[in-house]
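Reader: I am new to this structure and would like to learn how to read it. Please take the features in turn, with the general idea before the case.

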Amino acid sequence: MRDPYSVLGVTKSASADEVKKAFRKLAKKYHPDQNTGDPKAQEKFSEVSLAYEILGDDKKRAQFDRGEIDADGKPRGFEGFGAGGPFRRGGGAGGGNPFENFEFNMGGSPFGQAGAGRGGFDASEFFDLFGGRGRGRQQNAQPQRGKDVEHTVSISLGDAVHGTSVRVSLPTGKTLDVAVPAGIEDGKQIRLKGQGHPGPGNGPAGDAMITVKIARHPFFRVEGHDLRLDLPITLYEAVLGGKVQVPTLSGKVEMSLPPGATGGKTMRLRGKGLPAGDGKAAGDLLVTPRIIMPEQPSAELEDLMRHWQVTRPYDPRKDLG
């Protein structure tokens, strides 16, 4: 994956708001619902979503900036010996052995290739232990299973509900279309048998492990198979109650809002969450009302609130201690 800053088109000094704004703009542009049948848009949407998984999280962003994790969010592994390690490059042209131009540097005492006069040490004997030249050990090696490869894809919430197919490019160089089943949970893995690295000695190939991440939705939050929604309501709806329209994954539904509704009470719409699959019941939609004040100031409302402040005082924070 490319550098997440480049993917979102922001600088390393960009604020969290600038990162979020860039993500929303690109996610809207490449969203699968807006680019039906366009696999390149799907790949771009996945790339943008994964970039935001890193830069949209303060902890992960700091880890990436320090070089502790890569652009897929995985810890950076050991990549070999540094310049000050136990091997250092010597002079001379290289031969069939990739280590022939190296000398050992152990305790400040260099050992050359030949052992004569230096304790009888022959570097080629050491390298033979690693399947190097001279002993034919590779020819007698037993078949081994190849290593697995890992890849992460990001899909929209709608695709998680209905299922989809995503095109992935694996570290092995293979490009595959992967079927994502309907109702998949965030973070679940799909195993592709035999799509990993080939096995040494004609052994069986490893598998490809595809981790599926559900991209952030503008207003739904995923909790297993349940969904959470903060529902904006007016001040008069909160006081008087009534019927309100609630968005769901399958369209808007009508919900009864009781009089005196506050943000402290969550209502449950059963079966309006994510499908569970395997004949199991779907999750629920958990709706929490959030009172939104009028955009325009009202002298009448202000006078009423001042009157209430005197005649009907109450403390909504009394339980906070």
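Author: Start with a pair of charges: the side chains of Glu-302 and Arg-306 meet in a salt bridge, 3.9 Å from N to O. The term covers a side-chain nitrogen of Lys or Arg within 4 Å of a carboxyl oxygen of Asp or Glu. This is a predicted model, in which local features need pLDDT of at least 70 and side-chain atom pairs count only at pLDDT 80 or more, while totals for chains, interfaces and linings use all residues. Residues are numbered from 1 along each chain as its sequence is written, and side-chain values use heavy atoms, with hydrogens and water left out.

Reader: Where do Glu-302 and Arg-306 lie, and how many residues apart are they?

Author: In general, side chains of opposite charge can pair when their charged atoms come close. Here Glu-302 and Arg-306 are four residues apart in helix α8 (residues 299–311), so about one helical turn separates them. Helices (H or I, at least four residues) and strands (E, at least two) are DSSP runs, numbered from the N terminus. Arg-306 also forms a salt bridge with Asp-303, with the closest N and O atoms 3.3 Å apart. Asp-303 and Arg-306 are three residues apart in α8, again about one turn of the helix.

Reader: How many salt bridges does a search of the whole structure find?

Author: The search finds 15. One of them joins Arg-270 to Asp-284, the closest N and O atoms being 3.5 Å apart. Both residues are in the loop between β13 (267–269) and β14 (285–291), 14 residues apart. Arg-270 is exposed, at 65% relative accessibility, whereas Asp-284 is buried, at 10%. Elsewhere, Arg-145, Asp-148, Arg-191, Lys-193 and Asp-207 are linked in a salt-bridge network.

Reader: Which residues touch the most other members of the largest nonpolar core?

Author: In soluble globular proteins, nonpolar side chains tend to be buried together. A nonpolar core is a set of buried Ala, Val, Leu, Ile, Met, Phe, Trp, Tyr and Cys residues joined through side-chain atoms within 4.5 Å. The largest has 34 residues, and those touching the most other members are Ile-190, Ile-210, Leu-231, Val-246, Met-255 and Leu-285. A second, separate core of 22 residues includes Leu-8, Val-10, Leu-26 and Ala-215.

Reader: How many aromatic pairs does the count come to?

Author: Rings of Phe, Tyr and Trp (its six-membered ring) pair if their centres lie within 6.5 Å; planes under 30 degrees apart count as stacked, over 60 as edge-to-face and the rest as tilted. The count is three. Tyr-5 and Phe-64 have ring centres 6.2 Å apart and planes at 45 degrees, so their pair is tilted. Tyr-5 belongs to helix α1 (residues 4–8) and Phe-64 to helix α4 (residues 58–65), 59 residues apart. Tyr-5 is buried at 2%, and Phe-64 is buried at 11%.

Conventions. Buried < 20%, exposed > 50% of the residue type's maximum accessible area, 1.4 Å probe, protein only.
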